[in-house]
Amino acid sequence: MRQFTEHSSVGKRISRRFVAGLTLDDAIDAVAVVNHQGLTATLDPLGENVLTRSEAEAATATACTILDAIHRNQVESTLSVKLTQLGLDLGRDLARDQLRRITARAGQYNTFIRVDMEGSDYTETTVAMVEELFAAGANVGTVLQAYLHRTEADVERLLAKGIRLRLVKGAYREPASIAFQDKAEVDANYVRLMRRLLESGVYNAIATHDERIIQATVEHAQAKGIGADKFEFQMLYGIRRDLQERLRNEGWRVRVYIPFGPEWYPYFMRRLAERPANLLFLLKNLVK
Ligand code: FDA
């Protein structure tokens, strides 16, 4: 399925619903459009769970090329990467070396690097590696998932060091032994953690399309006198553009997560799984 959809023209057309395009030029164009609308961006070169050292090194080279392009085109974007894209399945040292190279290049331009959070097998390694590189001076932060029981402790652990966090609900299937299964519980934990992030004094990101949680965030910021320059909202490319614009019009900062590249299948599948209505979109396009 993956081979077919990634390479067929129908697949490529459908992927445009959530993915900015296949090339770096497409991605930079998408960032420019978003910037023009008064929103910032973070670019995500798609790819994960690479199987060889050369793929990991190629992902690093791509990441550095993206950082160069962001700088050259004078667009406002950070970069998001995944450790399994940098070879984590082949060894921690390999992934750490790649991430170090990327943060070094980002340092030349004063650009922030966000390490996305993947499935729970990688949580501890990701948290620890970000701590290590941050301690060594890298401009790096990570993502924590409200569905995991451990996240409350991770929030304290990383905020104590001043590491910038993106709070998300979580996009992978995790067992009940380590993760809340009930949406209401995940949402309640998200709101609790959101309040903690806002009050921390660290510049964090509230990444969700959930209107009720966004409203709770706005209310909490206003009640506590936390200014719009102290945190940002983040949303995915192609999802709830109306909400992105509304928040911007109300004076809040919004960053759009812009994925691009040929390896869009796993990302696309996670977006479909989140919302059954997206399957209708897929089917309509297949019929067309
Ligand atoms: P929820 O799923 O409750 O959706 C709320 C509303 O948002 C829906 O009713 C619908 O209107 C809209 N919506 C949500 N998903 C949609 C979709 N796929 N298509 C159409 N509409 C949709 N996860 C992770 O595990 N690691 C990570 O590093 C990241 N990184 C990340 C960055 C950014 C900027 C965002 C916004 C999200 C992530 N995520 C992530 C994904 C996150 O964990 C979660 O799966 C999605 O954001 C969907 O959850 P919501 O918070 O939007 O709420």
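## The cavity

In this predicted model, the largest cavity is lined by Thr42, Thr78, Phe112, Arg114, Arg164, Arg166, Glu232, Gln234 and Arg255. Five of these lining residues are charged. Three are polar, and one is nonpolar.

How many cavities of 30 Å³ or more does the structure hold? There is one. The volume of the largest cavity is about 30 Å³.

## The largest pocket

Now turn to the pocket. The largest pocket has a volume of about 1,400 Å³. Its lining includes two or more residues from each of β4, β5, α8 (183-199), β7 and α11. Which element gives the most to this lining? The answer is α11, with five residues.

In total, 41 residues line the largest pocket. Nearest its centre lie Lys169, Gly170, Ala171, Arg271 and Glu274. Sorted by class, the lining has 17 nonpolar residues, 16 charged residues and eight polar residues.

## Where the ligand sits

The ligand sits in the largest pocket. For the pocket lining, the top contributor is α11.

The ligand is surrounded by 24 residues. The closest are Lys169, Gly170, Thr208, His209 and Glu274. Lys169, Gly170 and Glu274 are also among the residues nearest the centre of the largest pocket. By class, ten residues of the shell are nonpolar, eight are charged and six are polar.

Lys183 places a polar side-chain atom 2.8 Å from an oxygen atom of the ligand. Arg271 uses its backbone instead: a polar backbone atom of Arg271 is 3.0 Å from a nitrogen atom of the ligand. In Arg166, an N or O atom of the side chain is 3.2 Å from a ligand nitrogen atom.

How much of the ligand does the protein bury? Taken alone, the ligand exposes 930 Å², and the protein buries 88% of that.

Arg271 is one of the residues nearest the centre of the largest pocket, and its backbone has a polar atom 3.0 Å from a ligand nitrogen atom.

Conventions: Residues are numbered from 1 along each chain as its sequence is written. This is a predicted model: local features need pLDDT of at least 70, side-chain atom pairs count only at pLDDT 80 or more; totals for chains, interfaces and linings use all residues. Side-chain values use heavy atoms; hydrogens and water are left out. A residue is near a molecule or strand if one of its heavy atoms lies within 4 Å of it. A polar contact is a pair of N or O atoms within 3.5 Å; within protein, one must be able to donate a hydrogen and the other to accept it, and residues adjacent in sequence count only if both atoms are side-chain atoms. Accessible areas come from the Shrake-Rupley method with a 1.4 Å probe; for residues, only the protein chains shown count as cover. On a 1 Å grid over the protein atoms alone, a cavity is a set of points where a 1.4 Å probe fits but cannot get out, and a pocket is an open set with protein on both sides within 12 Å along at least five of seven lines; lining residues have an atom within 4 Å of a point. A molecule sits in a cavity or pocket if more than half of its atoms lie within 2 Å of its grid points. Ala, Val, Leu, Ile, Met, Phe, Trp, Tyr, Cys and Pro count as nonpolar, Asp, Glu, Lys and Arg as charged, and the others, Gly among them, as polar. Grid points are joined across faces, edges and corners, and a volume is the space filled by probe spheres set on the points. Helices (H or I, at least four residues) and strands (E, at least two) are DSSP runs, numbered from the N terminus.
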